[in-house]
Amino acid sequence: MIYLELFLVYLQIGAFSFGGGYAAMPLIQSLCVDGKQWLTTGEFADLTTIAEMTPGPIAVNSATFIGQKMAGLPGAIVCTIACILPSLLIVLLLAYLYGRFSELAVVKSVLGQLRPAVVAMIASAGMTILILALTQGSTDSWIPVHPVELILFVVCLFLLRKKKCGPIQIVFLSAVFGTAAYLLI
């Protein structure tokens, strides 16, 4: 029964998470944390970090992680297949349709109208991750922001935007400095 439940949840996530992995994170949180309670809010923050750091799409990495947690290796396989199946079918269909109708004005208009919705979904996921990181996974609005995380966020944002450092360098440097800061505190 758990395999069917995992399959249906990740089939839904795969089918309705337009815009990539970051856009899928609010849906994953809604279904797996709030709905099914397979993860706590803190575990979701950890999942987001792990899924970001490991190679591959974030939604697929989260599917593998949650499937493994809930039902071992077979659960990981079921969730991963369920997560990529809708995308595979949709991309095959869209590739065919785009090849045939790409020059139509209505197709160009529809694609242009989808962009703001995808940006809003990514911004929502980013804000959720930022709040979870700065408050150590607490949803209590009275918990203060942790200064180490806030400083790391500001420095990383500065390095990304102003100094044009690569994301891999930023992840590595934040891990080193974050670990050092917590060892010294």
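A disulfide is a pair of cysteine sulfur atoms within 2.5 Å. By that rule, a search through the whole structure turns up 0 disulfides. This is a predicted model, so local features need pLDDT of at least 70 and side-chain atom pairs count only at pLDDT 80 or more, while totals for chains, interfaces and linings use all residues. Residues are numbered from 1 along each chain as its sequence is written, and side-chain values use heavy atoms, with hydrogens and water left out.

Back to the cysteines. Cys79 has its closest cysteine sulfur in Cys32, but the distance is 7.5 Å, too far for a bond. For Cys83 the closest cysteine sulfur belongs to Cys79, and at 8.5 Å that is also too far. Cys79 is buried (under 20% relative accessible area; exposed is over 50%, partly exposed in between, with a 1.4 Å probe and protein chains only), as its relative accessibility is 0%. Cys83 counts as buried too, at 4%.

As for the fold, the protein has 7 helices and 0 strands, where helices (H or I, at least four residues) and strands (E, at least two) are DSSP runs, numbered from the N terminus. The C-alpha trace spans about 60 × 45 × 30 Å along its principal axes. Contacts (heavy atoms within 4.5 Å) with a separation of 6 or more come 55% from residues 24 or more positions apart.

Of the 185 residues, 28% are buried. The protein exposes about 11,800 Å², with carbon and sulfur atoms supplying 73% of that; accessible areas come from the Shrake-Rupley method with a 1.4 Å probe, and for residues only the protein chains shown count as cover.
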